[in-house]
Amino acid sequence: QVQLVESGGGLVQPGGSLRLSCTASGFDMSSHGMNWYRQAPGKEREMVAYITSHGLSTDYGDSVKGRFIISRDNAKNYLYLQMNNLKPEDTGVYYCTTALLTYWGQGIQVTVSS
């Protein structure tokens with residue numbers, strides 16, 4: 001059974017940092033590019049970051065470039081998202097997904113507020 005489970009979310013003040021983790025099971029994550037998506041209240045889901053299967057190439061949504069860093073540890077089946085200089089508009093539910101959006105985690109809440 002394929003599972004993606006996110007962790008590390010929570011409440012943080014503007015300018016703060018959080019690190020999200022996603023653990024994968026039931027499939028070979030090292031064979032897949034992976035994404036982080038997010039959905040803000042009242043808005044559509046948007047791609048936040050993408051990383052190739054071996055981690056050699058990454059891509060970011062315009063709103064997070066220079067602030068977020070996606071990485072992965074294929075040996076441990078983990079995907080990460082380091083989020084720095086967080087802004088209130090980064091608030092939302094964050095999901096890890098496979099590159100073709102076949103599999104999704106359940107999502108984790110990130111709230112940026114003073």
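This is a predicted model: local features need pLDDT of at least 70, side-chain atom pairs count only at pLDDT 80 or more; totals for chains, interfaces and linings use all residues.
I started at C96: at 0% relative accessibility, C96 counts as buried (buried is under 20% relative accessible area, exposed over 50%, partly exposed in between, with a 1.4 Å probe and protein chains only). Residues are numbered from 1 along each chain as its sequence is written, and side-chain values use heavy atoms, with hydrogens and water left out.

**Disulfide**

Which residue pairs with C96? I found C22, with the two sulfur atoms 2.0 Å apart (a disulfide is a pair of cysteine sulfur atoms within 2.5 Å). The pair joins distant parts of the chain, 74 residues apart: C22 sits in strand β3 (residues 18-25) and C96 in strand β9 (residues 92-98). Strands here are DSSP runs of E, at least two residues, numbered from the N terminus. The structure holds one disulfide. I checked the torsion about the S-S bond: it is about 45°, so this disulfide is right-handed. C22 is also at 0% relative accessibility, so it counts as buried.

**Core**

Next I looked up the largest nonpolar core, which has 26 residues. The term covers buried Ala, Val, Leu, Ile, Met, Phe, Trp, Tyr and Cys residues joined through side-chain atoms within 4.5 Å. Which members touch the most others? They are W36, L81, M83 and Y94. β3, β4 (34-39), β5 (46-51), β7 (68-73), β8 (78-83), β9 and β10 (108-112) each supply at least two residues, and β3 gives the most, with four.

**Salt bridges**

How many salt bridges are there? I got four, a salt bridge being a side-chain nitrogen of Lys or Arg within 4 Å of a carboxyl oxygen of Asp or Glu.

- E46 pairs with R38, closest N and O atoms 2.7 Å apart; E46 is partly exposed at 33%, while R38 is buried at 5%.
- D62 pairs with K65 at 3.2 Å between the closest N and O atoms; D62 is exposed at 66% and K65 partly exposed at 46%.
- R67 meets D90 at 2.8 Å, N to O. R67 lies in the loop between β6 (58-60) and β7, and D90 in the loop between β8 and β9, so the pair ties together parts 23 residues apart in sequence. Both are buried.

Last entry: R38, E46, R67 and D90 are linked in a network of salt bridges.
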